[in-house]
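Q: Could you walk me through this structure? I have not looked at it before.

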Amino acid sequence: MDAVVASEEVAGWLADPRPYDKRYHKGPWTESITELVDAIPRLGPAVRTVLQPHLQDAQVALAGFPGTSDRPDREPVKAALNALRQRWAEPPVLEAAWQDLLAACHDDDAASDIIAARRDVFWRLARLTDWPPGDLSAVLCSLLDGSVFDVTYARVRLGDIEPPPHEQWGERHQRSDLPDEDILELARRLLLRLPQPAHHVIWLAFTNAASPRVMKQIGPVTLFDGPWLRARLKDGSPRLMEALPAELRHPDSDADYRHVQEGDDVVLARVELGEGAFADPVETARERVHALVGLAGFRAGRTEWTPP
């Protein structure tokens, strides 16, 4: 068991609202604490360096706990452990775990279990950040393959360059001439890139769907009848466009009727997320619209709304 999981297990026992009963609780408490104490030295050197004061405080607080008392004082242990747990999700700790993983992979003498332990801690910490783990995995794996396309994508995402014309993005099968150390630096920067505050409006499309009106607003979500929206975008006249949201009417908008799938069973949901920083605004929008779409489908007699 790694230190991140072990710390959560100990925290769970400490938060147990039941009165401590030495006959039943001392064994499990002692076992989970032992697992955490044993796991701390297995953390990589970079992570241990970043967390050194908090790791030391936790070890001191846990030493001998819960002891022989019938009512052990949990609060000092809680305080030390919570201080450590709050640090797990901080970017410097994730960066340190990445450094430990790279160092283990570059070490010809590193045992496979050491590499696996560094990998597991890295991904465990990644799950505590604002990065959706699946997205982070896809981004890192693609970038580390070193294709021209993925290097370009990383540099655009980091703001190093403006998005080039489509034909200049390169191919995924074409290897970039960027040195490995520069690709690893791009990966490190992507890893630490925090979501930027912005005004987010997300459009989601559904088929096998039906809306009782051509445009129905329910809180931050507006449902649009697909054929109705497609016809107005295709016509493009100001008289018909004035009923559409501002982002579709803006002169620089790339909205096009061909972006709306044809079919009488198409409904689009416009989700107003507002101002904020979202690691995955599309997934956030999906979560917010899920229950509403289920209710709308039930009322319209089509309960299996699905993305096209």
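Q: Thanks, so what is the bridge partner of Lys216 in β3?
A: In this predicted model, Lys216 has Leu223 as its bridge partner in β3. Strand β2, residues 215-218, runs antiparallel to β3 with 4 bridges, where strands pair if DSSP finds at least two bridges between them.

Q: How many residues lie between the strands in that hairpin?
A: The hairpin of β2 and β3 has 2 residues between the strands, and Gly219 takes a positive phi near 60 degrees there.

Q: Why is β3 described as largely enclosed?
A: Because 5 of the 5 residues in β3, residues 221-225, are buried, the strand is largely enclosed by the rest of the structure; buried means under 20% relative accessible area with a 1.4 Å probe, protein chains only. Val221, Leu223 and Asp225 are buried on one side, and Thr222 and Phe224 on the other.

Q: Switching topic, how many helices and strands are there in the protein?
A: The protein has 13 helices and 4 strands, taken as DSSP runs (helices H or I, at least four residues; strands E, at least two) numbered from the N terminus.

Q: And what does Trp88 touch?
A: Leaving out residues up to four places away in sequence, Trp88 touches Ala3, Val4, Ser7, Leu43, Leu51, Val93, Leu125 and Leu128, a contact being heavy atoms within 4.5 Å.

How values were computed: Residues are numbered from 1 along each chain as its sequence is written. This is a predicted model: local features need pLDDT of at least 70, side-chain atom pairs count only at pLDDT 80 or more; totals for chains, interfaces and linings use all residues. Side-chain values use heavy atoms; hydrogens and water are left out. Buried means under 20% relative accessible area, exposed over 50%, partly exposed in between (1.4 Å probe, protein chains only).
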